[in-house]
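Thanks for coming, everyone. Let's look at the structure together and walk through a few spots.

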Amino acid sequence: MQLSFEEQGSLFETEETIDATAPLAARMRPRTLDEVAGQSHLIGPGKVLRRMIEADQVPSMVFWGPPGVGKTTLARVIAAQTRTRFLTFSAVTSGIKEIREIMKRADAETRMGRRTIVFVDEIHRFNKAQQDAFLPFVEKGAITLIGATTENPSFELNGALLSRCKVFVLKALSQDEVVGLLRRALADPRGFGDQKVEIGDDLLGAIATFSNGDARMALSTLEMVVLNGDERDGVTTVTPEVIEQCTGQRSLLYDKLGDEHYNIISALHKSMRNSDPDAAVYWLARMLEAGEDPLYVARRITRFASEDVGLADTNALNVAVNAFHACHFIGMPECSVHLAEAVIYLSLAPKSNSSYIAYEHAKKDALHSMAEPVPEVIRNAPTRLMKELGYGKGYRLAHHEENKVAADMQCLPDSLIGTRYYRPTEEGREKAFKERLEWLRSLRQAAADRDPGDENAGF
């Protein structure tokens with residue numbers, strides 16, 4: 001039985017009949033693979049997805065990519081080229097009961113020789129139970145499932161369903177690809193091919209930049225500037241002033257809870273670590289201008305100050321903490337300059353992760369070695385009983401010792417004596433710490449090598 005929009009209500013859609021009143025992005029929706037802008041790494045000549053489509057051997061798959069790169073369009077083209085029914089599920093309104101009902105009907109159609117592609121936009125919005133409802137029908141080939149998501153499917157799709165789907169990563173369109181798409185819309189009768197529109201290449205480039213690789217946004221912007229262009233004698237002229245008015249401030253691709261959030265904070269951290277202040281400030285701006293909480297950035301910067309600069313520049317932590325307090329006091333947008341100052345300082349500071357490495361090594365021993373007792377000599381002895389048991393016996397205050405160190409006093413558990421967690425670098429101020437540490441270790445080694453019969457030996 002042919003499923004239709006009327007039969008299933010809002011559960012899925014059928015192919016729309018495009019008319020002149022539809023938005024430009026809908027009118028220009030590609031009908032063939034050759035009309036799809038971008039994604040040449042997947043659908044270019046000889047590429048894997050194109051070969052699957054041309055061979056009519058399309059598996060269940062997930063399209064992962066940013067908005068406006070053709071996920072829905074590509075699914076529709078696949079359905080048209082493989083002559084397969086195309087159903088679109090809503091991840092917001094579809095319940096498990098409805099999903100199972102439609103899956104059973106699709107299964108029946110398959111047994112009659114009619115294949116069905118089920119397209120689920122924003123599949124990450126389906127909960128685990130809803131995703132599981134597709135699983136038996138995907139497993140036995142009753143449907144070909146195509147999911148689209150802007151979120152990392154590794155985190156958003158349950159493992160059983162993901163393992164049965166091929167993941168294809170769609171990329172944002174390049175500047176040239178967007179400009180080519182805009183030129184086609186100006187020439188194609190479905191777009192503005194029946195009108196005379198004058199718009200310079202530089203203005204098409206400005207629209208492409210504004211769209212940020214989003215084809216839908218680029219076409220919508222082109223439609224807006226043409227509709228607002230200066231029309232005279234049957235010719236519509238688009239001026240820089242019209243472009244400026246219609247573009248304004250773009251929204252940056254950034255999801256504070258999603259994959260891009262972690263990608264950009266990673267880029268900031270690694271740019272500072274690599275001593276690249278220009279890159280670091282750029283990623284900082286990407287985060288702040290997209291609406292990130294400045295205190296979140298300040299906390300990450302404070303961590304970086306100790307993890308990656310550390311003792312090579314002991315002022316780094318002060319700079320980071322001061323930036324955090326400034327953000328707390330005045331907020332955005334004013335505190336952006338404080339964060340920029342901290343990011344630049346940390347980028348240019350000498351780098352040492354010796355404190356981080358020392359702690360991680362010590363943590364491993366603390367978690368996985370036997371929890372030995374504290375050496376009696378450095379135990380706390382606040383009561384008479386504790387003193388009688390030997391707690392603190394032989395302890396010597398370093399301030400009263402020669403060189404301000406009791407070189408022969410044991411501070412590590414027996415099994416860890418001689419373990420070196422802190423291994424200083426020679427970067428920045430840490431070079432002086434290294435020299436002092438080597439001197440201190442030489443004192444302790446001399447004390448360890450001293451004849452046990454020596455009257456100065458022992459505690």
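Start with Phe-63, which stands opposite Ala-148 in strand E4. This is a predicted model, where local features need pLDDT of at least 70, side-chain atom pairs count only at pLDDT 80 or more, and totals for chains, interfaces and linings use all residues. Residues are numbered from 1 along each chain as its sequence is written, and side-chain values use heavy atoms, with hydrogens and water left out.

Strand E1 covers residues 61-64, and E4 covers residues 144-149. They pair in the parallel sense, over four bridges. Pairing here takes at least two DSSP bridges between the strands. Helices (H or I, at least four residues) and strands (E, at least two) are DSSP runs, numbered from the N terminus. E1 also runs parallel to E5, residues 166-169, joined by four bridges. There, Trp-64 has Val-169 as its bridge partner.

Now the helices. H17 spans residues 316-330, and H18 spans residues 336-348. Their axes, lines fitted to C-alpha atoms over the stretch in contact, come within 9 Å and cross at roughly 165°. Angles run from 0 to 180 degrees between N-to-C directions. H17 and H18 are therefore roughly antiparallel; that label needs an angle over 145 degrees.

Which residues in H17 meet H18? Ala-316, Val-319, Ala-323, Ala-326, Cys-327 and Ile-330 do, with contact meaning heavy atoms within 4.5 Å. On the H18 side are His-338, Leu-339, Ala-342, Tyr-345 and Leu-346.

Last stop: Ala-108, in helix H6, residues 96-111. Ala-108 counts as partly exposed because its relative accessibility is 29%, between the 20% and 50% cut-offs with a 1.4 Å probe, protein chains only.

Terms used. Parallel < 35°, antiparallel > 145°, perpendicular 65-115°, else oblique.
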